[in-house]
Amino acid sequence: MPKAFVEVAGRPMLEWSLDALRAAGVTEIVIALPAGAAAPAGCVGVRGGQTRSASVRAALDAAGPGDVVVHDAARPLVEPSLFTRVVAALEHADCAIAAARVVDTIKEADEAGVVVATHDRSRLWAVQTPQAFRREALEAALAVDEAILARATDDAWLVERAGGTVRIVESSPENFKVTTPHDLRVAQRILAERR
């Protein structure tokens, strides 16, 4: 089952994100879905692509004019205020991304597992969604070869690659992506407390 439809605290993850989007005043929501899945009421559904960025491109094509916000449904703990803050940060950038400060020491290793560098964590951020984009910047960033799209783990990297300005909007580590069974258990507890 796609992660967006996995139940957490009694509801599919997707519904928690939709509630936050609507509470932030977002009225047009386009969702990239797997084949055969239906969009929730009040949303437009498009078929997702083979890569994350291909799904974003499909959703962008179905969206109306204006700036856009991209969010992973697998981040059900997002607060509505984070959507408004990333959109506000577009005033001085082509893209604004939610991110949490890195608190662990980060080491880089070679293929053999030998440490080759320790990075200055004061300058490192763990990137999240939502990510807000000036529409023209995102369209230009997505107009690249499929091989480049396949390398993108977030669409902000594509904007960076195209020479655009990307601004950080500080977020909480609580806005984590549910990826593992452990993440699901933590999200379950936090969302159950919010009810």
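**Close-up 1. The lining of the largest pocket.** In this predicted model, 48 residues line the largest pocket, and Val30, Ile31, Ala32, Val70 and His71 lie nearest its centre. A pocket here is an open set of points on a 1 Å grid over the protein atoms alone, where a 1.4 Å probe fits, with protein on both sides within 12 Å along at least five of seven lines; lining residues have an atom within 4 Å of a point. Two or more lining residues come from each of α1, β3, α2 (52-62), β5 (68-70), α3 and β9 (125-133), and α2 gives the most, with five. The volume is about 1,300 Å³, taken as the space filled by probe spheres set on the points, which are joined across faces, edges and corners.

**Close-up 2. The second largest pocket.** This one holds about 200 Å³ of space. Its lining includes Arg75, Asp104, Phe176 and Lys177. Here β9 gives the most, with three residues.

**Close-up 3. Helix α1 and its buried side.** Have a look at residues 13-23: Met13, Leu14, Trp16, Ser17, Leu18, Ala20 and Leu21 are buried, meaning under 20% relative accessible area with a 1.4 Å probe, protein chains only. Helices are DSSP runs (H or I, at least four residues) and strands are E runs of at least two, numbered from the N terminus. Among the elements covering these buried residues are β3 (30-33) and α7 (181-194), by contact of heavy atoms within 4.5 Å.

**Close-up 4. Arg11 over Trp16.** The charged end of Arg11 sits over the Trp16 ring, 4.6 Å from its centre; the rule asks for NZ of Lys or CZ of Arg within 6 Å of the ring centre and within 35 degrees of the ring normal.

**Notes.** Residues are numbered from 1 along each chain as its sequence is written, and side-chain values use heavy atoms, leaving out hydrogens and water. Local features need pLDDT of at least 70 and side-chain atom pairs count only at pLDDT 80 or more, while totals for chains, interfaces and linings use all residues.

Note on methods: Buried means under 20% relative accessible area, exposed over 50%, partly exposed in between (1.4 Å probe, protein chains only).
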